[in-house]
Amino acid sequence: MPAPLKTARRALLVTSATLASLALTAPVSLAAPSPTPSASASAKPSPSPSVKPSSSAKPSASASGKPTATPPANMSSVGGARLGQAGTQVDLAGGAPVLPKDLTARSWIVADAESGDVLAAHNAHWRLPPASTLKMLFADTVLPRFPKTQQYKVQPKDLEGVGSGSSMVGIKENETYSVQDLWMGVFLMSGNDAVHVLSSMNGGIDKTVAEMNEHAEELQALDTHVVSPDGYDASGQVSSAYDLTLIARSGLQKKDFREYCSTVRAKFPGETKKDKKGKTTRGTYEIQNTNRLLRGDYDISQYPGIAGVKNGNTTNAGATFTGVAERNGRVLLVTVMNPEKDDHNEVYKETAALFDWGFQAAGKVRPVGELVPPKSAQASAQPGANDPTEGAEDSGEAGGAGNVSEKPVASAVTEEGSGGMGIALAITGGVLVLLAGAAFLVNRRWPLPDLVRRRR
């Protein structure tokens, strides 16, 4: 971010805190079916951005069972009216580069991860099958529940219902794994077996699916409906490029989420074996991240500044990907869903092209929308909100597992600018408006500490 903009923001925050201190006069006293390879497709979400699509509503599909090739005429307007329009939305200013040619994805979005500005989008709210990118929502929902050092012995029932042909990390029944092992299996290998084990620990598939849908609504990811927590093709399971970007932005507030999604390779526990003398041994084997922009491949290089997030690929969804990258202090999020071009690694190539464009265009385009804050962040932006520092990262010793709390991150400055109902009553109308505006800016900008691990 340019230094003048940083200075202006700091000045605004200091001003809001000063006004608050001057005004202070006294202290204030759903059940999910087993995954099946049935079709999921696009649908018309509710035109109202504040209404969650009905869990019983199933997206319309073509005769083949795959999403239709044409986006619906009416899509959600969450984040701005232009994001609900079909086609490409961009507002180029003087000197801005044109968008990359040959983009074939049905839906994509380029957004500033910290400010929330949407730089450009294409069918951003088209509800499409998300494949394993939905695991970002699974992680953002379940990851804070268990400390990473907790050990768990896998029971046969934990692996029931894993879909045929699922990606697997290789979890074995009656073997013990740490929670960190299981999350490595989710993020690196996109292991549906690891998702099912963690869901079992969390109270079961049905409970986990219900919590994921609730969390999506809290994030205002209103295009999203979860049926299977691992993203396996299931009838009625949909999300959108806009929603996946919101979900990634929320997940990246969590330290463990950032670490897992940026890990290239790790050691995973193997199966316990006995030798002829009865001595038991348990080795490990290497697992590698299936995110090709993070790891590289024979036809694509590791993207400079890449730091995650999650890829997916199923029959109905095609290839999907959400990535985050940093360059010169600016952090961008790009989501690409279902490129029509079927070249090898096409989803990553189109993502890389959009990253390149976004870094060149930042500051030279007018935003066409914004990534909205979660409902709780909106509430914390109001005078009288609770202490926003409750969301600070903990030490990882408790159930937070080194993550922020389930409440979204908000700047500590917000606390200074909204000290309670007594302050609100003591502030004049004009000052109150200034404080509310400053608090919104603080909450809208989500810093991502320790995000990027620069690799050579």
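# Notes on a predicted model

Visitor: Where does Val309 lie?

Guide: Val309 lies in strand 8. Please keep in mind throughout that this is a predicted model.

Visitor: Which kind of peptide bond joins Gly308 and Val309?

Guide: The bond between Gly308 and Val309 is a cis peptide bond, with omega at about 20 degrees.

Visitor: Let's switch to salt bridges. How many are there in the whole structure?

Guide: A search of the whole structure finds 15 salt bridges. One of them joins the side chains of Arg366 and Asp91, at 3.0 Å from N to O.

Visitor: Where do Arg366 and Asp91 lie?

Guide: Arg366 is in the loop between helix 9 (346-361) and strand 11 (369-370), while Asp91 is in the loop between strand 1 (88-90) and strand 2 (105-112), so the pair ties together parts that are 275 residues apart in sequence. Arg366 is partly exposed, because its relative accessibility is 44%. Asp91 has a relative accessibility of 22% and therefore also counts as partly exposed.

Visitor: What about Asp112? Which residue does its side chain meet in a salt bridge?

Guide: The side chain of Asp112 meets that of Arg330, at 3.1 Å from N to O. Asp112 is in strand 2 and Arg330 is in strand 10 (residues 330-339), so this pair links distant parts of the chain, 218 residues apart.

Visitor: Is Asp112 buried or partly exposed? And Arg330, buried or partly exposed?

Guide: Asp112 counts as buried, because its relative accessibility is 7%. Arg330, at 21% relative accessibility, counts as partly exposed. The cut-off that separates them is 20%, because buried means under that value.

Visitor: One more pair, please. Which residue does Asp299 meet in a salt bridge?

Guide: Asp299 meets Lys349, with 3.5 Å from N to O. Asp299 lies in the loop between helix 8 (292-295) and strand 8 (306-314), and Lys349 lies in helix 9, so the two tie together parts 50 residues apart in sequence. Salt bridges with shared partners also join Arg145, Lys207 and Glu211 into one network.

Visitor: Now the inside. Which residues touch the most other members of the largest nonpolar core?

Guide: They are Ile171, Trp183, Phe187, Tyr242 and Phe257, in a core of 65 residues. Helix 3 (residues 179-189) supplies the largest share of this core, seven residues. There is also a second, separate core of 28 residues, which includes Leu99, Ala120, Ala352 and Trp357.

Visitor: What does Ile171 touch?

Guide: Leaving out residues up to four places away in sequence, Ile171 touches Val154, Leu159, Tyr177, Leu182, Asp193, Ala194, Val197 and Phe268.

Visitor: How many residues of helix 2 are buried?

Guide: Eight of the eight residues of helix 2 (residues 135-142) are buried, so that the helix is mostly covered. Among them are Lys135 and Asp140.

Visitor: Last topic, backbone angles. What is the phi of Asn123?

Guide: Asn123 has a positive phi of about 50 degrees, although it is not a glycine. Asn123 is found in the loop between strand 3 (117-122) and helix 2. At 4% relative accessibility, Asn123 counts as buried.

Visitor: And what is the phi of Gln220?

Guide: Gln220 is not a glycine either, and it has a positive phi of about 65 degrees. Gln220 sits in the loop between helix 5 (205-218) and helix 6 (241-251). With a relative accessible area of 13%, Gln220 is buried.

Methods. Residues numbered from 1 in each chain as written. Predicted model: local features only at pLDDT ≥ 70, side-chain atom pairs only at ≥ 80, totals over all residues. Heavy atoms only, no water. Buried < 20%, exposed > 50% of the residue type's maximum accessible area, 1.4 Å probe, protein only. Helix = DSSP H or I, 4+ residues; strand = E, 2+ residues; numbered from the N terminus. Salt bridge = Lys/Arg side-chain N within 4 Å of Asp/Glu carboxyl O. Core = buried A, V, L, I, M, F, W, Y, C linked by side-chain atoms within 4.5 Å. Contact = heavy atoms within 4.5 Å.
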